[in-house]
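Please find below a colleague's note on the model under review. It is arranged as numbered points, to be read alongside the sequence and the coordinates.

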Amino acid sequence: ALAKAHPRKSVHRLRSASALLDAGLGARAQREASIATKLEPKSALAWKTYGWTLQHDAVGRRFGEGFDRAGALDAYRRARQLDPLNTDIMADLAVLLEHDASGVRYSGKANLGEAIAEYQARRKFLNEDDARSDDYANNLYYALLYAHRYAELREMLRKQPASVAQRALLMTAIGAESGGPAAIEFARAAVSSEADRRTALASAG
């Protein structure tokens, strides 16, 4: 009703698109979001929402069979150009880049190098509090791991608080570079708690 009452405003189309997507009507959500980009082609929010709907298939499953990866990438890149400091757009784009056209994450056909660049750029715009509670903090580490950029991963992890999960990632990088015995030796030296060491080694394995 709001969209009909205000036909030249994109915001109501975007809200409609979000509601349709939540209801599992992916194709209709994409049409609504597409209309919003035509109503306000310079709206980063419109392009971001359109990109979000295109990450979903016709029945609203994210990265489901037949989702439009190329279209979603184009929409997010337009949003990125319009609002280059928006960390939510950067995060969504990076996660999309981690998936290939079949929806498989970290595959050889994904754009891990570009995803890493997005995560690294995003970190520069987070203040200290946001960085500490960032839901995407580990995404960069896993992208580096699956891209086989072990030296960068090790260097970055050594600057972070030593949680069990991050030690497991560090062990994985060491194991990938130097073999399992080197990772086990590192675990013995770096993790004093036997329970935490066992958990980290199991995760690394």
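The points below go from the whole chain to individual residues.

1. The model is a predicted one. The protein contains 13 helices and zero strands, and from the N terminus on its elements read α-α-α-α-α-α-α-α-α-α-α-α-α.

2. Dimensions and contacts. The C-alpha trace spans about 65 × 35 × 25 Å along its principal axes. Of the contacts between residues at least 6 apart in sequence, 51% join residues at least 24 apart.

3. Burial and surface. The protein has 205 residues, of which 41% are buried.

4. Charges. The protein carries 30 positive and 25 negative charges.

5. Aromatic pairs. Three aromatic pairs are present in the structure. One of them is formed by Phe-63 and Phe-67, whose ring centres are 5.5 Å apart. The planes of these two rings stand at 80°, so the pair is classed as edge-to-face, the cut-off for that class being over 60 degrees. Both partners are buried: Phe-63 has a relative accessible area of 13%, and Phe-67 has a relative accessibility of 5%.

6. His-99. This residue is placed in the loop between helix H6 (87-97) and helix H7 (112-123). His-99 counts as buried because its relative accessibility is 6%, and the cut-off for burial is under 20%. The side chain of His-99 reaches the backbone oxygen of Val-95 at 2.8 Å.

7. Surroundings of His-99. Which residues does His-99 touch, not counting residues up to four places away in sequence? They are Phe-63, Arg-69, Val-104, Arg-105 and Ala-110. Phe-63 thus links two of these points: it is in contact with His-99 and forms an aromatic pair with Phe-67.

8. Asp-134. Asp-134 lies between helix H8 (128-132) and helix H9 (137-146), in the loop that joins them. With a relative accessibility of 16%, Asp-134 counts as buried. Leaving aside neighbours within four places in sequence, Asp-134 is in contact with Arg-122 and Leu-126.

9. His-99 is buried at 6% relative accessibility, and Asp-134 is buried at 16%. Arginine occurs among the contacts of each: Arg-69 and Arg-105 for His-99, and Arg-122 for Asp-134.

Notes. Residues are numbered from 1 along each chain as its sequence is written. This is a predicted model: local features need pLDDT of at least 70, side-chain atom pairs count only at pLDDT 80 or more; totals for chains, interfaces and linings use all residues. Side-chain values use heavy atoms; hydrogens and water are left out. Helices (H or I, at least four residues) and strands (E, at least two) are DSSP runs, numbered from the N terminus. Buried means under 20% relative accessible area, exposed over 50%, partly exposed in between (1.4 Å probe, protein chains only). Contact means heavy atoms within 4.5 Å. Lys and Arg count as positive and Asp and Glu as negative; His and the chain ends are not counted. The place of a charge is taken as NZ of Lys, CZ of Arg, CG of Asp or CD of Glu. A polar contact is a pair of N or O atoms within 3.5 Å; within protein, one must be able to donate a hydrogen and the other to accept it, and residues adjacent in sequence count only if both atoms are side-chain atoms. Rings of Phe, Tyr and Trp (its six-membered ring) pair if their centres lie within 6.5 Å; planes under 30 degrees apart count as stacked, over 60 as edge-to-face and the rest as tilted.
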